[in-house]
Amino acid sequence: MYLYNLTLQRASGITHAVHGNFSGARTQELVVSRGRSLELLRPDPNTGKVHTILTTDIFGVIRSLMAFRLTGGNKDYVVVGSDSGRITILEYNQPKNQFERIHMETFGKSGCRRIVPGQYLAIDPKGRAVMIGAVEKQKLVYILNRDAAARLTISSPLEAHKSNTLVYHMVGVDVGFENPLFACLEIDYEEADTDPTGEAVHRTQQTLTFYELDLGLNHVVRKYHEPLEEHANFLISVPGGNDGPSGVLVCSENYITYKNLGDQPDIRCPIPRRRNDLDDPERGMIFICAATHKTRSMFFFLAQTEQGDIFKITLETDEDVVTEIKLKYFDTVPPATAMCVLKTGFLFVASEFANHYLYQIAHLGDDDDEPEFSSAMPLEEGDTFFYAPRPLQNLVLVDELDSLSPIMACQIADLANEDTPQLYTACGRGPRSSLRVLRHGLEVSEMAVSELPGNPTAVWTVRKRSEDRFDSYIMVSFVNATLVLSIGETVEEVTDSGFLGTTPTLACSQLGDDALVQVYPDGIRHIRADRRVNEWKAPGKKTIVRCALNQRQVVIALTGGEIVYFEMDPDCLTLLGMQALPALPESLCVIEMGVQESVDGEPRTLGALYLNIGLQNGVLLRTVLDGVTGDMSDTRTRYLGSRPVKLFRIIMQGNESVLAMSSRSWLSYYYQNRFHLTPLSYESLEYAAGFSSEQCPEGIVAISTNTLRILALEKLGAVFNQVSHPLDYTPRKFVIHPESGHLLLIETDHNAYTEDTKRQRKMQMAEELREAAGEEGAEFAERMDEALLSEDLPDAVFGAAKAGPGMWASLVRVIEPIQGKTLHTIHLEQNEAAFSIGLVKFANQPDMEQQFVLVGTARDYQLSPRSVECGYIYCYRVAADCTTLELVHRTEVEDVPTAICAYSGRVLIGVGRLLRIYDLGKKKLLRKCENKHIPNLIVDIKARGQRVHVTDVQESLFVLRYRRHENQLIIFSDDTNQRWVTTSCLLDYDTAALADKFGNVSVVRLGNDVNDDVDEDPTGNKALWDRGLLNGASQKAEVVANFHVGETINTLEKATLIPGGSESLVYTTLSGTVGVLVPFTSREDHELFQNLEMHMRSEHPPLCGRDHLSFRSYFFPVKFNMVDAPKQRSIAEDLDKTPNELSKRLEDIRTRYAF
């Protein structure tokens, strides 16, 4: 089996984000890391929309990311710490639209290791040095400078190692132009490590250590260190030099402390807490991320707590000595991994889970009623301030970036009857979770829809003058008339445009510099700028049937087969080329598409001419057209739909694109250095034209039946468009009811309250308030009670209360996925957690078609160390239309039911490490058979025929056979390797695909010589050492393929993604990636792709220095029958192919299986 890895949707979770001017222009941009890829984002300062400029895969793990600028420079560089054992400095090259490696210095082994630097990065704020640190021991400092040609230079590394030291965080301290200073949070474990009593570990304190780089002596010294009272989790650098007092803010549990060298006393302020908070009272509060904003006159910090509340932090100074810290509640946004305050007044929030947001900072929160807390306010030790969270006041949401991270469960099915399957993904965490329906296509925004007096036949837009930025008229042609609409702030009908309205129009256009032309069946109307009109009438009784026109030429076809050609500068027509077509053509469109390059600061398209041909059988041909000779070459074909294909030229992101209309509308466009042909997720359209106005600079005006629609496409490059339905808790698993298409979903959250417990907790808090107030404050306490009980902060906005470890909340939901309507909900009791679900038909029932849904739950489940009071299996009867569930009974078991699988009219259930067969009884499920030989914990069960494939959390795959006569489940084969399996999928009777939590996909197969008809030893005569290989089964499965994806894979499914396509193995990951593994159908294809991959490795090595082959072999050597999809320009000379042939082969294999 030979497999090819294709990424359909890149990872959407963000692990790091930095901002700066990376293109050198005065534009604010963001560079974000998505685990193993880098992305350059540019928020539009006018509209606030975030555009993706560039995405590049680095085939490695990005552990840290920082931006820096050399003193006096005008652009920012990116420094990356990865798992390659190298520090990499990248520069964005705007003309080529790519990151270029400026420097790459090797310092250690590859891989994410404790003592190899790369986990932490700190930059001197003046851009003079960078410190890169490991989790333990090693720290290296590189000096950054520029040479005579103004190129960036990097020094040899200077060591700042300290043995037996763990590092928690590091920052560059702003000291102006004095010797660069770095601050680190460290802990020395040497004494705790050597102490046999185990008491020293409780005395060990965290220290704040300052390292100074002496530029004169060229070495690093450990300048100062002091122990910290509380355990800190990160540092914030305070502006220094001429901009501020310098020093650092130490963020620790419940406190934020300002520290600096010299005479500066420590300034300590408690972190405020929410008033009437339902959180576990023993739980400390910490800041999780922060952003600094600095101008010439002031600076402030925005720091976010675990609950998502942002505080604005300012420092009061007296002659460069800080006297107090002031905190003020700012707003609440989802908890973030990174926040960036841009100079254009935007706040970018890279959420830990679910969508990312761009906010406009509307107010700085200086003049509102919110109380300001200060370190100077007297408080008892352990006390804190309280505030009330509220909806957004200082921030205004301007854009939202869709993120699927984390995908907890996914299934592929065509429940909407659209011919093309949809992906149903359960995403997110906690109250911000959602069920998302993904469809292949571009999202369409409707700007306007208006009804017309009849059914139009065509629509065009025209400009009055060639230099106009926006269109002036929309022309709508009917069977016997033409409607002329003028475009201004509104769109309204006009009669004095000079266009003829009493006849249908065949085409219209702007002609020359300032004239207009209208072609109608009886002639051509030429309208000059001063409204003078010239008309050319068709000779005799002939009429015009077809026409084509541009700014300088008009060609018409008359009845009788005559062609007439008009031109502003006369020249005759010459035949340059011909091409035979497989069917009758319906429409033609010639456009220029290709690479954008900057020439003297002006973007210029260096593309080729493409002739697009729409055929009557629903096929689109795209062929390259030579602009000089007219030769046609490299024809690509794609089936679009059942209707003849009409083509229209439109503008998208400043470039020409083609809108192709069949039974579905498609857009062919060039974006991020490659061609895209993507359907629009919209109802079918009949005719269209490009549309440009002040409100909608790049839109489409289209007609559908008797309506005129103005549409905009904003998310170019997206493969899927999403419809999102909110959920209450983290979704775990779901099953599809085949008859109704409804989903049965289980949602479970740890550290959470159920709605009932929340109500009880509020009542309890209100009671405590009344008791504390006594009789004197009874009236005030009553008002407080009312406020507490009526307070309704939606969890989806303000986050759910943290109940404490061991507290669980769960529910079972029946949802109609197309409209997102919840039909039925069953809330489980507090501390009961649902972990598995299965749809089963039992053979012992009178109605054998009656379906039951089984839900496996755990009571009082503790994660570490793992313990459970008991497990339950709930059995519900499913209504025929799957709108309600009726509880039949509940069966108690001794461990967590982790997997449920229907099997031959009974059910297989994994209870902890036990595999059991149950049948339906009247009072509970009846245990029929059991196997106790799975070593740790069953993760997944798949059954086919007599065979049962069971995966273990640590020990990979076990294949069992059920012997009905002896009523035994017997393991007859297992895997040779340990795998920490997360999910599995059967490819055929002998082959299974497995995914593990370290990001590997493996395909294992039972060989032809494997016999599943084996006996367990009934006599016990077999010696222990005869029992089989490696302490396991006597027969072993062989590994067919190993491949490292690089992200934890949560779902695997064998499915067909396009109508008439072939089956592929679809996987989804925790980071939001959707990818497919597709089989090669010929050895020739496989060899070509393998050679191509080999050349890619040598010609385009990964950007951050990680070896591609070793990355794909992170845990197991990659089997060479897995080929990675190359994303760079083709390398064709050594393969005896032209680049176009190679690109066509790549495109063909992609469109055969996916989009």
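The entries below follow the order in which I looked things up.

**Entry 1: salt bridges overall**
I reminded myself that this is a predicted model. How many salt bridges does the structure hold? I found 71.

**Entry 2: aspartate 266 and lysine 259**
I picked this pair to begin with. The side chains of aspartate 266 and lysine 259 form a salt bridge, with N to O at 2.5 Å. Is lysine 259 buried or exposed? Lysine 259 is buried, because its relative accessible area is 6% and the cut-off for buried is under 20%. Aspartate 266 has 40% relative accessibility, so I noted it as partly exposed.

**Entry 3: glutamate 381 and arginine 268**
Next I looked up the salt bridge between the side chains of glutamate 381 and arginine 268, where N to O is 3.3 Å. Which parts of the chain does this pair tie together? Glutamate 381 sits in the loop between β31 (372-374) and β32 (386-387), while arginine 268 belongs to strand β22 (residues 267-270), so the bridge links parts 113 residues apart in sequence. I wrote down glutamate 381 as exposed, since its relative accessibility is 61% and exposed means over 50%. Arginine 268, at 25%, counts as partly exposed.

**Entry 4: aspartate 975 and arginine 979**
I then turned to aspartate 975, which forms a salt bridge with arginine 979; their closest N and O atoms are 2.7 Å apart.

**Entry 5: an open sheet**
My last stop was a sheet. In what order do its strands run? I read it as β24-β25-β26-β27-β31, an open sheet of 5 strands with antiparallel pairing. The edges are β24 (287-294) and β31, each of which pairs on one side only. On average, neighbouring strands of this sheet are turned by 25° against each other, direction ignored.

Strand β26 (residues 309-318) and strand β27 (residues 321-332) run antiparallel and are joined by 10 bridges. Which residue of β27 stands opposite lysine 312? I found lysine 328 there. As a reminder to myself, strands of a sheet pair through backbone hydrogen bonds, either parallel or antiparallel.

Note on methods:
Residues numbered from 1 in each chain as written. Predicted model: local features only at pLDDT ≥ 70, side-chain atom pairs only at ≥ 80, totals over all residues. Heavy atoms only, no water. Salt bridge = Lys/Arg side-chain N within 4 Å of Asp/Glu carboxyl O. Buried < 20%, exposed > 50% of the residue type's maximum accessible area, 1.4 Å probe, protein only. Helix = DSSP H or I, 4+ residues; strand = E, 2+ residues; numbered from the N terminus. Pairing = 2+ DSSP bridges. Axes fitted to C-alpha atoms, helices over the stretch in contact; angles between N-to-C directions.
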